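Subject: Structure handover and notes

Hello,

The structure I mentioned is below, followed by my notes on what was found in it. Please read the notes with the model open beside them.

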Amino acid sequence: MRVELRIDGEAAVAEIDRPGESLLSTLRDRLGLTGTKNACEQGECGSCTVLLDGDPVCSCLVATAQCEGREVKTVVGAVPRPVRDAFIACGAVQCGFCTPGLLVSVADLLEREPDPRDAQIREALAGNLCRCTGYEKIIDAVHAAAEAMSSEAISDGVPRVPARSHLHHNQWINVSNIPRAAGDSTEDTP
Amino acid sequence: MTAPQATASFYRPADLGEALRDLAAHPEAVPVAGGTDLMVAVNYRHTRPAAMLDLTRIAELRAWSDEGAAIRIGSGVTYARICAELATVLPGLAAAARTVGSPQIRNRGTLGGNLATASPAGDGHPPLLATGATIEIASAAGRRTVPIADFFTGPKRSVLEPGELITAVIVPKALGPQQFLKVGTRNAMVIAVCSLAVALDLDARRLGTGIGSAGPTPLTAPDADRIELPWARPDLFNDALAEEFGRRVAAAARPIDDVRGTAAYRRHALAVCAARALRRVWTAAHGTEAGR
């Protein structure tokens, strides 16, 4: 059967042959969009997190046929540049397998809560498992990204608007205030 | 040309009537909403549905309404929305909803799906038992309602018949403090080792209890609910009373040993949780002992 949806802002069509095919499988195996990672296929790990009509979900638990007319954003289209840069700057990426899912979850968190406390970050990222970093550097990166995005909004002299609508994934962002080493981040972050 | 068979294997009804007709005409179609249980089984090849029926486009299932003394929650309302929108009127259910899975799971998982799966460990069930909720069920033949205490018939079994869909859950608004406690290995992404909901009704001077993951079905604890509480002299409430409540809750449980915990541990944990929950609701309702 034919399913039409939007993926990262562009129209996409998938021809699926069983009703239970997951969105994750369609993205990776049919459409070659491998930014979304497949790890547990049971909603435990968050590697396959995408935004479905704006909400973070595990794409392994969504039937592709449920996505007719829906909007999907993967790590390619959902993540403001400062979030990605902050992960790199803070050492929040090691093996990198969990990173796309974490970036999508962080992008969603920062849109809802521009300056989250540690407890809010931990609750928001509870569905994304990382076996390398021990999470501390990921939390540093969220604070750094929040700071970068808020100072960017101020320096533009425009009122803050929801991040996703004004920060496009390929837009150039000034990242000078992201700490260069993880050790710096504790001084710079709230 | 052959008929487009593959297209017919996934039904996307726009309203409840169409869904019930689809289900009557295609009994093999497996209803799916959030997919947080079904899709795991599909991904692991435990089931391979020939047809599926998508419930996520049915607006009436995805809405809740204020019915005065109760909230009618459409079966397709997600846990994320229960947390965000119903925490003041249904604090016990909202607290339970917040412990479900992770943000990704709460954005998809629905109260109706929790009931349809009917796992003894379902986090939504204890608060529904503690408050005496009612389940609304529909089929092409008509509608019926079932009290939550009569809904579960065994592990992952309920009174839901083929051709029926859960349409809503009617949950009485809180008339006093409520608590939900859940024992697990971490604060997220855990199936309960055991769980407990307590609801104090200050108008009727009544206590309600729901036990999860400690029996073949979610359970009530009628003997514990009947404990004599010092309504006229709230300051007479003491630890001995809380511990007696804990003992009665533990006695109501029918746990087994399994991968998540032993029966003995579950009983012990329930007794501790129940005493703690009763202390908390009583203190919330009447202030601290020192304050009186």
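A residue is called buried if 20 or more other C-beta atoms lie within 10 Å of its own, exposed if 12 or fewer do, and partly exposed in between, with the C-beta atoms placed from the backbone. By that count B:R186 is exposed, because 7 other C-beta atoms lie within 10 Å. B:R186 sits in the loop that joins β11 (178-183) to β12 of chain B. From B:N107 it is 79 residues away in sequence and 20 Å away in space, C-alpha to C-alpha.

Some conventions first. This is a predicted model, in which local features need pLDDT of at least 70 and side-chain atom pairs count only at pLDDT 80 or more, while totals for chains, interfaces and linings use all residues. Residues are numbered from 1 along each chain as its sequence is written, and chains are lettered from A and ligands numbered from 1 in the order in which they are written. Helices (H or I, at least four residues) and strands (E, at least two) are DSSP runs, numbered from the N terminus.

Chain B as a whole

Chain B has 11 helices and 13 strands. Its radius of gyration, taken over C-alpha atoms, is 20 Å, close to the 19 Å that the globule rule gives for 292 residues, so chain B is as compact as a globular protein of that length. The rule is 2.2 Å times the number of residues to the power 0.38. Of the 292 residues, 50% count as buried. Two residues are in contact if their C-beta atoms, placed from the backbone, lie within 7 Å. Among contacts in chain B with a separation of 6 or more, 65% are between residues 24 or more positions apart.

β12(B) and β13(B) pair in the antiparallel sense over seven bridges; strands count as paired if DSSP finds at least two bridges between them. The two form a hairpin with four residues between them, and B:R205 in the turn has a positive phi of about 50°. B:A197 stands opposite B:G210 in β13(B). Six of the seven residues of β13(B) are buried, so this strand is largely enclosed by the rest of the structure.

In α10(B), the buried residues are B:F245, B:G246, B:V249, B:A250 and B:A252. Seen down the helix axis, they fall within an arc of 155°, so they line one face of α10(B). The arc is that of the directions from the helix axis to the C-beta atoms. What covers them includes β12 (194-201), β13 (206-212), α9 (222-225) and α11 (263-286) of chain B.

B:F237 is in the loop between α9 and α10 of chain B. With 20 C-beta neighbours inside 10 Å, B:F237 counts as buried. Leaving aside neighbours within four places in sequence, B:F237 is in contact with B:P230 and B:W282.

The sheet in chain A

Chain A has an open sheet of five strands in the order β2-β1-β5-β3-β4, with mixed pairing. Its edge strands are β2 (10-15) and β4 (55-58), each of which pairs on one side only. β3 (residues 49-52) and β4 of chain A pair in the antiparallel sense over four bridges, and A:L52 has A:D55 in β4(A) as its bridge partner.

Regards
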